[in-house]
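User: I have a chain open on screen and want a quick tour. Can you take my questions as they come?
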Amino acid sequence: MVTGPRGAGNLTRMPTRLPTASASIAALLLAVVGCAPALRAQVTEVPQTIEPGGVLMRMDAISLGIQPDTAAPNQYKALGLGTTLVSAGLTSSVDIEVGTQLFIRDTFTTGGSDHTESGIGDVLIQPKWTFWRDPSSGEAAAIIPYVMLPTDSSAVGNDSVQGGLIVPWSMDVAPGVKAAAMVEWDELRNVANTRYDTRWYGSAYIRWDLGSTLGAYAETTLSDSTAGSSTFAGTIGGGATLSVSKNFQWDFEASRVLGSGRSAWAEVLRFRWKIL
C-alpha cells in the first residue's frame, strides 16, 4: 500500500499508486501565476476550489509502508516519491486538478529472496465543482469526477483507464476547528486485468489550528470493494503541520493500517506550495 491514504492530497486510488509525460503537464500548470486558497493537510478531499487563475501544488515528498510477517520470513515494503497534485482555478466554483506519481517501488521478500518492481505511475485528471456553500457555518460540498490514464510503467500498473466520483464536505465546528468528510466510488481494474471492480471509500478528519504556524489533525479512512474476500481496509492516525510561511507548509502523518496483508504502519511527509 503506497500512502498517504487517499484523497487528492495523496493519490492512493492510483494502482500501486496520488507520473514523465505527467511531469510535463505539472510543469505547464505550474507556469500559471495566481492566488491559491489556504494551505491544507490530510488526505480527505476538501470541497473548496482554487480562485480563478490561482495554482496550488501538493506533493507527498515521500511515503513509506512496511508489512512484516511474524509467522513467516516474508516482508512487504512500498515506497512512493513525488506524488504530486497541481490545482488550477477556472471559475469561482470550478477548478481542474492533474496528478501524477513520479516514482513507485514495491519490494516483497519471501524465502530469503527479494522481488522488486518500480516505475512511474498513472496520470490523474479531476475537475472539481463546489455546488453548495453556506458562509454562516463555513459548510461547503463539491462533486469531483476523475479519470486515471494508463501512462504508468508496465511493472507497476495495469494499462487500463480507471475512474470514479468523489463527494467531499466540510464545515467549521468551532473557532480554529474544522471537520470534513468524503465518500468515493471507484471503478478499478482487477489484479488479473480481466474485469473492473467497484470500490467504496470514505474518510473523515478533524483539524485544530494551534497558532499561526502549527496545526494538528486526526483522520480515519475505510474502504471495501467487490474484488473478493479480505478487501476491507482502513487507516486511523493523525498528523501535524508546520507553516514555514503563508505560502509553504510541511505536513507529516502517521497511520495505523487496518486490514490483513497490508502495511502495518504508513508514514507520509508532504509539502504544499501556494504559487503566487
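This is a predicted model: local features need pLDDT of at least 70, side-chain atom pairs count only at pLDDT 80 or more; totals for chains, interfaces and linings use all residues.

User: OK, on to the strands. What does β11 pair with over 10 bridges?

Analyst: Strand β10, residues 214-225. The two strands run antiparallel. As one landmark, alanine 216 stands opposite alanine 240 in β11.

User: And how many bridges are there between β11 and β12?

Analyst: There are 11, again in the antiparallel sense. Strand β12 covers residues 248-258. Glycine 237 has serine 255 in β12 as its bridge partner.

User: What joins β11 to β12?

Analyst: A hairpin, through 2 residues.

User: Which strand holds serine 243?

Analyst: Strand β11, which spans residues 233-245. The side chain of serine 243 makes a polar contact with the side chain of glutamine 249, at 3.5 Å.

User: What else does serine 243 touch, leaving aside neighbours within four places in sequence?

Analyst: Ser212, Thr213 and Phe248, along with Gln249.

User: Is phenylalanine 271 buried or exposed?

Analyst: Buried, with a relative accessible area of 12%. Phenylalanine 248 has 22%, so it counts as partly exposed.

User: Which tryptophan forms an aromatic pair with phenylalanine 271?

Analyst: Tryptophan 250. That pair is edge-to-face, 5.8 Å centre to centre with 70° between the planes. Tryptophan 250 lies in strand β12 and phenylalanine 271 in strand β13, so this pair ties together parts 21 residues apart in sequence.

User: What about accessibility at tryptophan 250?

Analyst: Tryptophan 250 is partly exposed, at 33% relative accessibility. Phe248, Trp250 and Phe271 form one aromatic cluster.

User: New topic. Which strand is joined to β5 by 8 bridges?

Analyst: Strand β6, residues 139-149. Strand β5 covers residues 123-134, and the two run antiparallel. Isoleucine 125 has valine 147 in β6 as its bridge partner.

User: What is in the turn between β5 and β6?

Analyst: The two strands form a hairpin with 4 residues between them. Glycine 138 sits in that turn and has a positive phi of about 75°.

User: I also see a glutamine in β5. Is glutamine 126 buried or exposed?

Analyst: Glutamine 126 counts as buried, at 0% relative accessibility.

User: Which side chains make polar contacts with the glutamine 126 side chain?

Analyst: One is glutamate 45, at 3.0 Å. Another is glutamate 97, at 2.5 Å.

User: Last stop, aspartate 172. Where is it?

Analyst: Aspartate 172 is in strand β7, residues 162-174. At 38% relative accessibility, aspartate 172 is partly exposed.

User: What does aspartate 172 touch, not counting residues up to four places away in sequence?

Analyst: Ser137, Gly138, Val177 and Lys178. Gly138 is the glycine in the β5 to β6 turn. With lysine 178, aspartate 172 has a side-chain polar contact of 2.7 Å.

User: And what separates aspartate 172 from isoleucine 206?

Analyst: Their C-alpha atoms are separated by 9.8 Å. Along the chain, the two residues are 34 residues apart.

Note on methods: Residues are numbered from 1 along each chain as its sequence is written. Side-chain values use heavy atoms; hydrogens and water are left out. Buried means under 20% relative accessible area, exposed over 50%, partly exposed in between (1.4 Å probe, protein chains only). Contact means heavy atoms within 4.5 Å. A polar contact is a pair of N or O atoms within 3.5 Å; within protein, one must be able to donate a hydrogen and the other to accept it, and residues adjacent in sequence count only if both atoms are side-chain atoms. Two strands pair if DSSP finds at least two bridges between them. Rings of Phe, Tyr and Trp (its six-membered ring) pair if their centres lie within 6.5 Å; planes under 30 degrees apart count as stacked, over 60 as edge-to-face and the rest as tilted.
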